[in-house]
Amino acid sequence: MATLSDRFWIETGIDKGEDVRLVAVATCAPARIRWRADSRFELSDEGWTASVDLTATGSDMAVSLSVDLWVVGPGRTGSPVAANAVHGSAKLWQLAAPRTLNLERDDADFPTSALSFSQTGRRAVPWSVETVPDAEPHWSISSSVRLFVNTDMGACHPIVEGTAAASTYAAIEADVHMAVLRLLGSWRNALGGGELTALADDDFRCIAALGLGITTSLGLTIDEGCRLAMEDPLALTSRSREALNFLEEQGSR
C-alpha cells in the first residue's frame with residue numbers, strides 16, 4: 001500500500017482526484033518475463049491511498065526477481081501549447097532502486113537454471129551457457145555466468161539430476177570454457193594476465209578465478225586462453241575437448 005502526501009499534489013500541480021496510479025513491476029531478466037499490475041489512488045480515511053497485488057508465476061521464474069514501484073499520472077510538462085501541456089502517463093515517482101529477490105543459493109556448484117527456451121526466446125537447443133555482457137573480471141561467478149537447461153526437451157531432467165552421460169557434461173563444460181574465456185578476453189585491452197591472476201588470487205569465487213582454473217586445466221596461460229577464445233575459438237574448443245576426453249566412453253565412429 002502507498003499513500004500520497006499533500007506535498008505530492010502541490011509539487012506536481014495535479015488536482016486531487018485525477019487519475020494517478022500505483023504501478024508494480026516485477027522482472028525476471030533470465031526468464032525474459034515481466035509482470036505488471038496497477039491500482040488507482042483513492043481517498044480513504046488514511047488519505048489518498050492505493051494498494052496493488054502482483055502475482056508472478058513461480059514456474060516461470062529463475063535466478064532472481066527485481067521489483068519496482070512507480071507512481072504514474074498526468075504530469076504537467078510546462079509547455080505553453082495546450083495539446084502538449086499534460087503527459088497522461090508520466091512517471092512521477094519510483095523507488096530509488098528496484099528491490100532484488102535472489103531465488104537461488106550462491107553456494108551452488110555452478111549457477112544453473114532450468115526454464116523453457118521457447119517461452120523465453122532462446123533457440124531450441126538442450127542447454128545454453130550465457131554470460132552477463134557487462135560483467136567485470138572481479139564479479140562473482142554466480143553473477144557473471146549461468147548454465148540454462150531447456151525444459152522443453154527431455155534431456156533436461158537427466159542433466160539437472162546428474163544422471164546424463166559423461167559426454168553431455170563434457171560438452172557443457174567445453175561451452176563453459178568458451179563462454180568464460182570470451183568474457184575475460186573482452187577485457188584484454190584493459191587487463192593483462194598478471195592483473196587477472198591477482199584478482200583470482202584475491203577472490204577464488206570471482207569470474208577471473210574460474211578463467212584461471214580453466215586455462216590451467218588446459219595447459220595454457222590466462223593470456224593465451226583469452227587470445228584463443230577471441231581469435232581462434234575452434235582451436236580452444238579442440239583443446240577443451242581433448243582435456244575433457246570428449247566422447248571417450250562412446251568410442252570412435
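I looked up confidence by element first. Strand 8 (residues 99-102) has the lowest mean pLDDT among the elements of the chain, 72. Helix 6 (residues 222-231) has the highest, 95. pLDDT is the predictor's confidence in each residue, from 0 to 100. Helices (H or I, at least four residues) and strands (E, at least two) are DSSP runs, numbered from the N terminus. The chain averages 86, and 89% of the residues score at least 70.

I noted the ground rules. This is a predicted model, where local features need pLDDT of at least 70, side-chain atom pairs count only at pLDDT 80 or more, and totals for chains, interfaces and linings use all residues. Residues are numbered from 1 along each chain as its sequence is written, and side-chain values use heavy atoms, with hydrogens and water left out.

Next I checked ring pairs. Rings of Phe, Tyr and Trp (its six-membered ring) pair if their centres lie within 6.5 Å; planes under 30 degrees apart are stacked, over 60 edge-to-face, the rest tilted. I found two aromatic pairs. F8 and W9 have ring centres 5.2 Å apart and planes at 85 degrees, so they are edge-to-face. W9 and W48 have centres 5.5 Å apart and planes at 65 degrees, so this pair is also edge-to-face. W9 lies in helix 1 (residues 6-12) and W48 in strand 5 (residues 47-50), so the pair ties together parts 39 residues apart in sequence. Ring pairs link F8, W9 and W48 into a cluster.

Last, I looked for charges over rings (NZ of Lys or CZ of Arg within 6 Å of the ring centre and within 35 degrees of the ring normal). K91 has its charged end over the ring of W70, 3.9 Å from the centre. R122 sits likewise over F117, at 5.9 Å.
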